[in-house]
Amino acid sequence: MIARTFHKVIEFIFPPACPVCGAPVSVHGELCADCFGAFEWIDDPKCPRCGYPLVYDAGPNAQCPVCAAGEFDLEWLRSACRYEEMSRSVVLPFKHGGRIKHARFMSRAMMWALRDVDCDFDIVMPVPLATARLRHRSYNQATLLARPIADVMGVVLDVDSVHRIHRPDMGHLTSKQRHENIRGVFSVVNPDKVKGRKILLVDDVYTSGATLSELRRVLMRAGAKSVCGVTFCRVVRTV
Ligand SMILES: [Zn+2]
Ligand SMILES: [Zn+2]
């Protein structure tokens, strides 16, 4: 009773507001209808392996050209929405500007994106940040997204099995250069924790796939059983 009264007082002082635009909403952390409608959520049809949105439904096993060519190496990947104007306006302040309250609706959208895959993981692992960058930013945005997912699934959140060394930003590089630039930045420091485990990697944006691909490579070499991924948004290029 006291807790409920206290909750009502908090709601009175801080009424629930859309984390993006500040409009009133019914529940803390939820998007208002206008903001929700402005995202390009990735629904079916999509590639069953990498989650790439397909133009038409060619059946449950119809893969995108990249997967069909054997050029995708994660077990599978899911993303909640496309990387476009709206998602960019949310992700950049979340990543660099301390807008950590976005984590709530972003992680919920990512759980929605996982609705059609087998979620029997042993470990949920945010993509690690290099120590220097973590110190500068004071938080790893991928961990903020991974923690609620691990909580809901009731599995271990692993933030210390893999270390990352600092390399300059990849923003201006081509896809090929990104793959070369990321090579060797990750090292598994607790192989016993990942050996034989099914691992879900978590990140905010999927761009070229270079980061998740390299992280998967070192985890598989350390004996992981399988490596899948989920991101809030993904760049969708014509393939
Ligand atoms: Zn809004
Ligand atoms: Zn695919």
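Colleague: How many bridges pair strand 1 and strand 7, and in which sense do they pair?

Modeller: Strand 1 and strand 7 pair over 5 bridges, in the parallel sense. Pairing here needs at least two DSSP bridges between two strands. Strands are DSSP E runs of at least two residues, helices are H or I runs of at least four, and both are numbered from the N terminus. Across that pair, Leu 77 has Gly 229 in strand 7 as its bridge partner.

Colleague: Before we go on, what are the ground rules?

Modeller: This is a predicted model: local features need pLDDT of at least 70, side-chain atom pairs count only at pLDDT 80 or more, and totals for chains, interfaces and linings use all residues. Residues are numbered from 1 along each chain as its sequence is written, while chains are lettered from A and ligands numbered from 1 in the order in which they are written.

Colleague: Fine. What is the strand order in the open sheet?

Modeller: The order is 1-7-6-2-3, 5 strands with parallel pairing. Strand 1 (77–82) and strand 3 (156–157) are the edge strands, each pairing on one side only.

Colleague: Which strands does strand 6 pair with?

Modeller: Strand 7 (residues 226–234) runs parallel to strand 6, with 8 bridges joining them. Leu 200 sits opposite Cys 228 in strand 7, and Asp 203 is opposite Thr 231 in strand 7. Strand 2 (residues 123–126) also pairs with strand 6, parallel, over 4 bridges. There, Ile 123 stands opposite Ile 199 in strand 6.

Colleague: And how many bridges between strand 2 and strand 3?

Modeller: 2 bridges, again in the parallel sense. Val 124 has Leu 157 in strand 3 as its bridge partner.

Colleague: Why call strand 6 largely enclosed?

Modeller: Because 7 of the 9 residues of strand 6 (residues 198–206) are buried. Buried means 20 or more other C-beta atoms within 10 Å of a residue's own; 12 or fewer is exposed, in between is partly exposed, and C-beta atoms are placed from the backbone. Strand 7 is also largely enclosed by the rest of the structure, because 8 of its 9 residues are buried.

Colleague: Zooming out: how many helices and strands in the protein?

Modeller: 10 helices and 7 strands. The radius of gyration is 19 Å, close to the 18 Å that the globule rule gives for 239 residues, so the protein is as compact as a globular protein of that length. The radius is taken over C-alpha atoms, and the rule is 2.2 Å times the number of residues to the power 0.38. The C-alpha trace spans about 55 × 45 × 35 Å along its principal axes. Buried residues make up 33% of the 239.

Colleague: Which domains are assigned?

Modeller: The domain assignment gives domain 1 (1–38) and domain 2 (73–234). Such bounds come from an automatic or database assignment. The C-alpha centres of the two domains lie 28 Å apart.

Colleague: How many residues of each domain are in contact with the other?

Modeller: 6 residues of domain 1 with 6 of domain 2. On the domain 1 side, 4 are nonpolar, 1 polar and 1 charged. A contact means C-beta atoms, placed from the backbone, within 7 Å. For the classes, Ala, Val, Leu, Ile, Met, Phe, Trp, Tyr, Cys and Pro are nonpolar, Asp, Glu, Lys and Arg are charged, and the others, Gly among them, are polar.

Colleague: Now Cys 35. Where is it found?

Modeller: In helix 2 (residues 33–38). Cys 35 touches Cys 18, Val 20 and Cys 21, leaving out residues up to four places away in sequence. The C-alpha atoms of Cys 35 and Cys 21 are separated by 7.5 Å, and the two are 14 residues apart along the chain.

Colleague: Last one: is Arg 164 buried or exposed?

Modeller: Buried, because Arg 164 has 20 C-beta neighbours inside 10 Å. Arg 164 lies in strand 4 (residues 162–164).

Note on methods:
Two residues are in contact if their C-beta atoms, placed from the backbone, lie within 7 Å.
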